[in-house]
Amino acid sequence: NRNSVSLVIKVLLICSVFASIFLYLQEREQAQQDAAQFKTAVRAAGAGQWFWDIEKNVLRWDARMFELFHQSTQDWKWVDGSWEWRGGADSTPAEFFGACVLDEDREFVFKELQRAIDTKGSYQAVFRVLGSDGNIYPIRSGGAVFGGGRYLTGLCLRAIATGAAPAVLDTTAIQAGP
C-alpha cells in the first residue's frame, strides 16, 4: 500500500513537470508570435523601434530608426536582431542620441526623457534631428518606462512638418520642442 502511494506521488510529480514544460513552451511560442505581429505592425506604420536599457546603458535600434534619423550603422553592433550602441565613459547612448537632436530641441527632449524615467511613466516628444547628410528631419517619438524603471522603450515616426519646425499631431498629448 505504501509503495502504491509512493508510485502515485512520483507519477503525479512527473506529470506535473511535463505539464509545466508544455505550458512554458506554449507561452513562449505565443510570445514569439505576438512579437512578430508587433514588428509587422511597426513596419507597416513606417515606425522605428528603440529600446534603452538604462541600467546597462545600452541603446538598441531597429533598421528603420537609421532611416528616420538618417544615420549610419557604422559605430553600432548587430546583436540578436537589432543594432546596439554600448555606452561607455566617453560615449554613452544618451550622448549619441543627443548629438542627433538639434541643439534648440535637445533640452526639451532630455527633460521629457528624464521625466518619464523619474515618474516611471510615458514619454512623448516631437523634435528635429540632423541627419548625417546635413539635412534636418522632424521626428515624433513616444515610449514608456517599464521593468521597475530599468528600461525605456518606444517608437519613432517621421513627424508632419510645417515650415522649419515639426507640427504636433495632438497638442493636448504631445508638446513640441522650441
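1. The lining of the largest cavity comprises 12 nonpolar residues and one polar residue, with no charged residues. This is a predicted model, and the remarks below should be read with that in mind.

2. A search of the whole structure finds one cavity of 30 Å³ or more, and the volume of the largest cavity is about 150 Å³. Among the 13 residues that line the largest cavity, Trp50, Trp52, Leu59, Phe97 and Leu113 are the closest to its centre.

3. Which elements contribute to this lining? At least two lining residues come from each of E1, E2, H3 and H4, and H3 gives the most, with three residues.

4. The largest nonpolar core contains 28 residues, and those with the most contacts inside it include Trp61, Phe69, Val109, Tyr123, Phe127, Val129 and Leu152. At least two core residues are supplied by each of several elements, including strand E1 (48–53), helix H3 (93–100), strand E5 (122–130) and strand E7 (151–158), while the largest share, five residues, comes from H4.

5. Leaving aside residues up to four places away in sequence, Phe69 touches Trp61, Phe97, Cys100, Phe127, Val129, Leu130, Gly131, Ile139 and Cys156.

6. The count of aromatic pairs comes to 15; one of them joins Trp61 and Phe66 in an edge-to-face arrangement, 5.0 Å centre to centre with 65° between the planes. Both Trp61 and Phe66 are buried. Ring pairs also link these two residues with Phe69, Trp76, Trp78, Trp83, Trp85, Phe97, Phe110 and Phe127 into a cluster.

Terms used. Residues are numbered from 1 along each chain as its sequence is written. This is a predicted model: local features need pLDDT of at least 70, side-chain atom pairs count only at pLDDT 80 or more; totals for chains, interfaces and linings use all residues. Side-chain values use heavy atoms; hydrogens and water are left out. A nonpolar core is a set of buried Ala, Val, Leu, Ile, Met, Phe, Trp, Tyr and Cys residues joined through side-chain atoms within 4.5 Å. Buried means under 20% relative accessible area, exposed over 50%, partly exposed in between (1.4 Å probe, protein chains only). Helices (H or I, at least four residues) and strands (E, at least two) are DSSP runs, numbered from the N terminus. Contact means heavy atoms within 4.5 Å. Rings of Phe, Tyr and Trp (its six-membered ring) pair if their centres lie within 6.5 Å; planes under 30 degrees apart count as stacked, over 60 as edge-to-face and the rest as tilted. On a 1 Å grid over the protein atoms alone, a cavity is a set of points where a 1.4 Å probe fits but cannot get out, and a pocket is an open set with protein on both sides within 12 Å along at least five of seven lines; lining residues have an atom within 4 Å of a point. Grid points are joined across faces, edges and corners, and a volume is the space filled by probe spheres set on the points. Ala, Val, Leu, Ile, Met, Phe, Trp, Tyr, Cys and Pro count as nonpolar, Asp, Glu, Lys and Arg as charged, and the others, Gly among them, as polar.
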